[in-house]
Amino acid sequence: MPSPLALRRLEIFSSARRDPAGFVRFERERLRFSLGTSLADLAIPVELSQDARGIVRGALSEIALLLSTHHRAFVAADDVDQLILREEYGALPPVQAQLGPSGGGPDLRAAAQLAPAVHPALTGGLVSAWMGKGGKGRSLVALWIELLRRGFDEMAATRDREETPVVVALALGAETAGTERGLKPFLPSPPIDRYLRTAALAAGWLAARTGLARAWRDAGRAVDDPLLGRLEAVLSPAGILGGRGGLSGGGATLYGCDLSAGIPNAEEAVARLAQGGDADAARSDLVQALGADDDLARRAEQAVAAAALRELLGAAVATSEAAGDAGIERVRTLLCAPGMLASALAGDAERKALARQLSEVQVGSEARAHLERAVRALQGWKAKEPAAAAGLDRKAAREEYACAAAALLADAALDRMIQPARRALSYRTGREAEGGADLEWEAGRLYRLSARAGPILRQAEERPVGHLFADVKDFTRRTGLLGQASMAEFLRSEFYVPILVAAKEHYGGMQHLSDRGGVMLNNLLGDAISFTGRIDMMIALAKSIRALFAAYASRLAREISSEVVAKQIAAIEEAHRGAIEKGRTEVHAAEAALAGVPAGTPQHAAFAARLTRARAE
């Protein structure tokens with residue numbers, strides 16, 4: 001039988017193929033905020049804050065280091081020595097050597113129970129430690145729950161017009177997939193690194209799936225709500241684990257069996273499915289292709305038989321762990337190590353050796369029953385018909401392999417269907433707009449995903465705008481009295497400059513085609529100035545201008561008082577005292593000289609002119 005995960009992924013694809021282009025699509029009129037002028041250039045500005053980004057990267061780095069150091073049996077000793085010297089190693093949570101769950105609540109136990117079926121290296125003990133108390137996986141699951149909860153709340157506030165949880169799932173899913181590039185320092189050297197990297201990313205997908213299940217349940221939404229299928233489609237294993245190559249080449253078994261044997265005509269099948277093709281038809285084509293290639297068919301049948309044997313051995317390990325048996329460690333390592341089970345099934349000698357080892361394992365009666373069934377399967381194994389050991393004929397084995405492969409192809413097609421929605425998200429760093437991401441979020445122009453409290457998209461506050469106009473009274477008459485130069489100097493030093501300095505204290509600045517609030521200068525007129533801004537800012541600026549003019553009036557009153565004028569006249573007289581005395585002396589001398597000269601003579605006329613000049617001076 002195909003795995004439950006494979007059947008669920010095929011069910012989601014079945015819903016999506018009815019409208020491939022519209023299954024996950026953003027529509028401008030349903031979004032609270034977006035950029036662009038058409039559907040072709042639709043952009044949703046999104047910021048994944050540093051705290052949320054740190055939680056995702058920290059959790060994936062921790063599970064990678066846990067995988068590398070816990071599975072020491074198949075990791076090179078030199079690599080282990082280097083990894084345990086890392087600072088992060090000392091903070092790792094303790095891991096119990098168990099294939100099944102090692103504690104926790106229902107959600108944690110369900111994730112830990114599912115983990116080995118997703119990837120052999122993800123034991124229940126590892127996942128229990130990572131998602132339990134002290135593990136960073138717990139913070140990752142909590143981040144998914146909290147952000148999806150906010151998304152559901154904000155979606156409800158729009159009467160379900162905007163599917164805000166889809167924005168959350170796309171952004172967090174993309175960050176989880178992108179963390180793959182930063183896992184290298186926490187993994188061993190090739191070739192084992194690829195196997196454990198896929199396991200770490202599978203843990204990230206498992207955390208996302210667990211967070212979605214919990215958030216959906218807390219929101220009280222129906223299990224048949226189409227939104228759940230869209231969210232699960234966004235959280236595609238193909239998108240997070242590195243596409244079809246990452247899933248089939250990294251040891252993942254979430255579709256039921258190892259698909260590294262190959263999938264014939266995979267790219268063409270994905271292209272047809274992405275256009276709305278039928279998954280059942282794709283499965284039939286795979287069965288036919290396997291029937292036409294005997295070597296590929298035998299590898300596929302062996303993968304199905306190995307999956308059946310793995311299931312028997314997993315049941316034996318789980319039963320033995322529950323009973324507290326200590327002799328099951330070798331079987332657990334056989335299941336977790338990359339390629340070890342496949343190598344043990346490669347030839348008659350290897351299978352006989354494995355059967356002998358399983359017969360010698362000391363376990364309880366219930367676990368022994370599972371191991372004996374596994375031994376009988378190994379003893380009845382046929383190289384040309386390996387699936388017979390699992391009770392399947394060749395056709396049934398091919399069909400089971402084709403079903404698992406079809407689920408993988410359907411996931412790859414789903415991932416391709418939602419690429420337009422992924423591209424619609426425009427990730428922001430804070431450098432795109434003047435003032436940074438904080439002002440964009442506060443203005444309701446940015447979807448922010450943060451671990452801190454606060455809405456994803458803040459509702460912009462509508463603030464009334466006012467205008468302030470100030471001018472000089474009786475400007476024309478005063479200009480005629482004082483002169484143009486004096487009035488120009490007055491306007492510069494006592495009107496425009498002080499007002500602009502006061503307005504600058506309330507300046508909010510401009511951004512692309514929009515004001516951030518505060519005060520904006522409209523115009524400088526010949527004898528007036530005009531501002532626009534929030535009413536409270538306009539009132540504050542008006543008070544500042546009144547205070548400036550009151551201060552100027554007081555200063556002017558002090559400068560033109562009688563006492564001040566008398567002091568200024570005295571200062572002028574003191575400054576010109578010498579010139580005045582000299583002029584008086586010259587006047588007296590001219591008057592004396594004029595008195596001694598007869599009238600009507602030329603000398604009298606010359607002295608009279610001299611006296612006139614002296615008096616004038």
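**Chat: salt bridges, cysteines and cores**

Visitor: How far apart are E11 and R8 in helix α1?

Guide: E11 and R8 are three residues apart in helix α1 (residues 4–16), which puts about one helical turn between them. Helices here are DSSP runs of H or I with at least four residues, strands are E runs of at least two, and both are numbered from the N terminus.

Visitor: Where do the numbers come from?

Guide: This is a predicted model, in which local features need pLDDT of at least 70, side-chain atom pairs count only at pLDDT 80 or more, and totals for chains, interfaces and linings use all residues. Residues are numbered from 1 along each chain as its sequence is written, and side-chain values use heavy atoms, with hydrogens and water left out.

Visitor: Back to E11 and R8. What do their side chains form?

Guide: A salt bridge, at 3.3 Å from N to O. The term means a side-chain nitrogen of Lys or Arg within 4 Å of a carboxyl oxygen of Asp or Glu.

Visitor: How many salt bridges does the structure hold?

Guide: There are 37. One of them pairs E162 with R32, whose closest N and O atoms are 2.8 Å apart.

Visitor: What does that pair tie together?

Guide: E162 is in the loop between α6 (136–157) and α7 (164–178), and R32 is in the loop between α1 and β1 (44–48), so the pair ties together parts that are 130 residues apart in sequence. E162 is buried at 1% relative accessibility, whereas R32 is partly exposed at 33%.

Visitor: And which residue meets E329 in a salt bridge?

Guide: R332, at 2.3 Å from N to O. Both belong to helix α15 (residues 329–336), three residues apart. E329 is partly exposed, at 38%, while R332 is buried, at 9%. There is also a network in which D294, R298, E301, R394 and R398 are joined by salt bridges that share partners.

Visitor: Changing topic: how many disulfides?

Guide: Zero in the whole structure, where a disulfide is a pair of cysteine sulfur atoms within 2.5 Å. For C257, the nearest cysteine sulfur is that of C403, 9.4 Å away. C257 is buried, with a relative accessible area of 5%. C336 is buried as well, at 2%.

Visitor: How many residues are in the largest nonpolar core?

Guide: It has 159, and F26 and L313 have the most contacts inside it. Such a core is a set of buried Ala, Val, Leu, Ile, Met, Phe, Trp, Tyr and Cys residues joined through side-chain atoms within 4.5 Å. A second, separate core of 17 residues includes Y496, A502, M537 and L541.

Visitor: What does L313 touch?

Guide: Not counting residues up to four places away in sequence, L313 touches V331, L334, L335, L341, L358, L371 and A374. Contact means heavy atoms within 4.5 Å.

Visitor: What about the chain overall: how many helices and strands?

Guide: It has 27 helices and eight strands. Of its 617 residues, 47% are buried. Among contacts with a separation of 6 or more, 70% are between residues 24 or more positions apart.

Definitions and conventions. Buried < 20%, exposed > 50% of the residue type's maximum accessible area, 1.4 Å probe, protein only.
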